[in-house]
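Thanks for coming, everyone. I have one structure to walk through today. Please keep it open on your screens while I talk.

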Amino acid sequence: MEELSIGYSDLKDLYRSYMPFLKSGGLFVRTARSYKIGQSLALSVTLPDSLEAITVSGKVAWVTPHGSQSSNPAGIGITFIDDKNQLGAQIEKLLGGMLNSTDPTYTI
């Protein structure tokens, strides 16, 4: 299984990448590589102000292709499948009230 590493330096970037509308949560990862919906991946995620990465397995649930009509960057959305470390809950705790924001995200 391919592993992608992603680090977030601030909450705004994490907010723009988080996908709370997915049942178990998920993250948008900017990439120019091609992936297929349903493809299994492992994510190694370093949250803002964290020293250690959290690993979670997931599947591709969203694809924004290069050159899409929106102004969003190319990349994939990965839904969390095996979230033993409660990454989704940790992200929601960090984002708190930002989750109700109308600020744009990388997906919706």
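Start at Gly77. Leave out its neighbours within four places in sequence, and Gly77 is in contact with Met19, Leu27, Phe28, Lys59, Val60, Ala61 and Trp62. Gly77 is found in strand β5. Is Gly77 buried or exposed? Its relative accessible area is 0%. Buried means under 20%, so Gly77 counts as buried. Now look from Gly77 to Leu95. They are 18 residues apart along the chain, and their C-alpha atoms are separated by 18 Å.

One caution before we go on. This is a predicted model. How confident is the predictor? The mean pLDDT of the protein chain is 90. Also, 96% of its residues reach 70 or more. Among the helices and strands, β3 has the highest confidence, at a mean of 95. The lowest is α2, at 93. As a general rule, where pLDDT is low, the predicted coordinates should not be read in detail.

Now the overall layout. The protein chain has two helices and five strands. What order do they come in, from the N terminus on? The order is β-α-β-β-β-β-α.

Next, the overall dimensions. The C-alpha atoms fill a box of roughly 35 × 30 × 25 Å, taken along the principal axes. The radius of gyration of the protein chain is 13 Å. A compact globule with 108 residues would have a value near 13 Å, so the two agree. The accessible surface comes to about 6,300 Å². Carbon and sulfur atoms account for 50% of that surface. Of the 108 residues, 41% count as buried.

On to the core. In soluble globular proteins, nonpolar side chains tend to be buried together. Here, the largest nonpolar core has 22 residues. Which residues have the most contacts inside it? They are Leu27, Leu43, Leu87 and Ile91. The elements that give two or more residues to this core are β1, α1, β2, β3, β4, β5 and α2. Find β1 at residues 2-7 and α1 at 11-17. Then β2 is at 26-30, β3 at 40-46, and α2 at 87-95.

Zoom in on Leu43. Set aside residues up to four places away in sequence. Leu43 then touches Leu4, Leu27, Val29, Ile54, Thr55, Val56, Ile78 and Phe80. Leu27 is on that list, and Leu27 is also one of the contacts of Gly77.

Back to strand β5, residues 75-82, for Thr79. Its relative accessibility is 15%. The cut-off for buried is under 20%, so Thr79 counts as buried. What does its side chain reach? A polar atom of that side chain lies 3.4 Å from the backbone oxygen of Gly25. Beyond four places in sequence, Thr79 touches Leu22, Gly25, Gly26, Ser57, Gly58, Lys59 and Ala61.

Tyr35 is 22 residues from Ser57 along the chain, and their C-alpha atoms are separated by 15 Å.

Now Thr105, in the segment after α2. At 13% relative accessibility, Thr105 counts as buried. A polar atom of its side chain lies 3.3 Å from the backbone nitrogen of Thr107. Leaving aside neighbours within four places in sequence, Thr105 is in contact with Tyr15, Arg16 and Asn72.

Last stop, two loop residues. Asp49 lies in the loop between β3 and β4. It is not a glycine, yet it has a positive phi of about 60°. Is Asp49 buried or exposed? Asp49 is exposed, with a relative accessible area of 85%.

Gln86 is found in the loop between β5 and α2. Gln86 is not a glycine either, and it has a positive phi of about 55°. Gln86 is partly exposed, at a relative accessible area of 46%.

Key:
Residues numbered from 1 in each chain as written. Predicted model: local features only at pLDDT ≥ 70, side-chain atom pairs only at ≥ 80, totals over all residues. Heavy atoms only, no water. Helix = DSSP H or I, 4+ residues; strand = E, 2+ residues; numbered from the N terminus. Buried < 20%, exposed > 50% of the residue type's maximum accessible area, 1.4 Å probe, protein only. Polar contact = N/O pair within 3.5 Å; in protein donor to acceptor, adjacent residues only side chain to side chain. Contact = heavy atoms within 4.5 Å. Core = buried A, V, L, I, M, F, W, Y, C linked by side-chain atoms within 4.5 Å. Rg over C-alpha atoms; globule rule 2.2 N^0.38 Å. Areas by Shrake-Rupley, 256 points an atom, 1.4 Å probe, with all protein chains shown as cover. pLDDT = per-residue confidence, 0-100.
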